[in-house]
Amino acid sequence: MRRSQLRFSQTRPKVKKLQVEVTVNGTRQSHDVEPRTLLVHYLRENCGLTGTNVGCDSSSCGACTVHLDGEAVKSCTIFAVQADGQSVTTIEGMADADGTLHPMQEAFHANHGLQCGYCTPGMVMAATSLLQEIPNATEAQVREGLEGNLCRCTGYHNIVKSVMACTRGGQQ
Amino acid sequence: MIPVAFDYQRAESAQHALDLLAEHGDEAKLIAGGHSLVPLMKFRLAAPSVLVDIGRLSGLSYVNDSGDHLAIGALTRHFDVENDPLVRSQCGLLAEATSKVGDPQVRHRGTIGGSVSHGDPASDIPSALIALRAVMVISGPGGQREVSSSDFFLGFLETAIGETELLTEIRVPKVPEASWSFQKFNRRAQDWAIVGASVLVDGDNVGVGLVNMDSRPVRAASVEDAVRTGASSADASALAAEGCDAPSDLNANAEFRAHLAAVLVRRGLEASGVA
């Protein structure tokens, strides 16, 4: 029996909220949400963490990038219920409690790695995840590794420069 | 963009997922990484009333050496496939095609089984599986069955997976000595291929799969036959679009796609050592 992915159910369920528990930036959060709630909306509206931006809302621009269990993901393309029981780090969780910036944030500051700043939280989250996987990334690897993040100011030159400053080679 | 409301069920095992599918029939849809399905739901091109989440079935995430082939669990993420040493050494074409899917964030979530089940003619991985002559293992109420990659893709976003079935494994023949190439033509980083081609040459075993050249992922059988019988890459690649009903859209009309297919297949054949 053939089945298409373009599925339209004739019946609609009664909307039932589900309890979702996510550890966000080290703090246990618990909220009742509709299953269709996207992780980015959960973070912004339920958790009150508005540092994660919604850009294209279609998993292209990367403005909504957060870490899910330590890896960069696009929070506009994940339902909050899918993250139940997992841990999320947002841009608010990057700096130390005393306000000391994460080295990547510091590098974006020092190298003027932002213009309007809208893409910056996503860029920082994507870049830190990239360097966890490839600590000694080359410039080509950084450029390719950030392909999921768009800067509409086209400020890529200094963004790449900032990330390169955080590579193993860049720190020497 | 907010999808239509749905009921959410988390499967605790593959059998549980099959039970939930049996219970809800065509009202239900499986979700793994969700990176094909969630965008469809947000654009309201799909509105299942029940989502069965199989994303936690870690038992279906693996790459095993099974003698003459690699057995890859359907829930193995793109990131894990592209970086797996066995996949890289035994089925390098699959690792390469997987590394070109979306972007790193997408590859952290998307799964090989999800990509294949979606049946999108524009996605990269099916072309590699067609070229590699992979076999899909589908589990259902009556047990397991195997479907070749040639028979698996039936139409636009349609596959051989039935309403109450679950893709569990993909078996990819090991070809450590093969020459191969993955060619993807697009205008911008991270875009879907306007046209793509997976090419594999391993002695008499020639495989060519095309991306975005029909309503479903397709094999370029004429090119394969031509190479097998000694045609040059230029002559063989001229047959790339034969039998294809290529789509026309804002990026390219069918004629331009046919041109791209010939160029990409020629490049792929040349990179795979075909004179």
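Which domains does the domain assignment of chain A give? They are domain 1 (18-92) and domain 2 (103-171), with bounds that come from an automatic or database domain assignment.

Before the close-ups, a word on the model. This is a predicted model, in which local features need pLDDT of at least 70, side-chain atom pairs count only at pLDDT 80 or more, and totals for chains, interfaces and linings use all residues. Residues are numbered from 1 along each chain as its sequence is written, while chains are lettered from A and ligands numbered from 1 in the order in which they are written.

**View 1. Domain 1 of chain A touches domain 2 of chain A.** The C-alpha centres of these two domains lie 21 Å apart. Here 15 residues of domain 1 are in contact with 11 residues of domain 2 (C-beta atoms, placed from the backbone, within 7 Å).

**View 2. A look at the domain 1 side of that contact in chain A.** Strand 4 (65-68) and strand 5 (71-74) of chain A are the elements that each give two or more residues to this side, and strand 4 gives the most, with three residues. Strands (E, at least two residues) and helices (H or I, at least four) are DSSP runs, numbered from the N terminus.

**View 3. Helix 5 (residues 92-99) of chain B packs with helix 8 (residues 124-132) of chain B.** Their angle is about 170° and their axes are 8 Å apart; axes are lines fitted to C-alpha atoms, for helices over the stretch in contact, and angles run from 0 to 180 degrees between N-to-C directions. That makes helix 5 of chain B roughly antiparallel to helix 8 of chain B (an angle over 145 degrees). Among the residues making the contact are Leu93(B) and Leu94(B) of helix 5 and Ile125(B) and Leu132(B) of helix 8.

Technical notes
Two residues are in contact if their C-beta atoms, placed from the backbone, lie within 7 Å. Angles under 35 degrees count as roughly parallel, over 145 as roughly antiparallel, 65 to 115 as roughly perpendicular and the rest as oblique.
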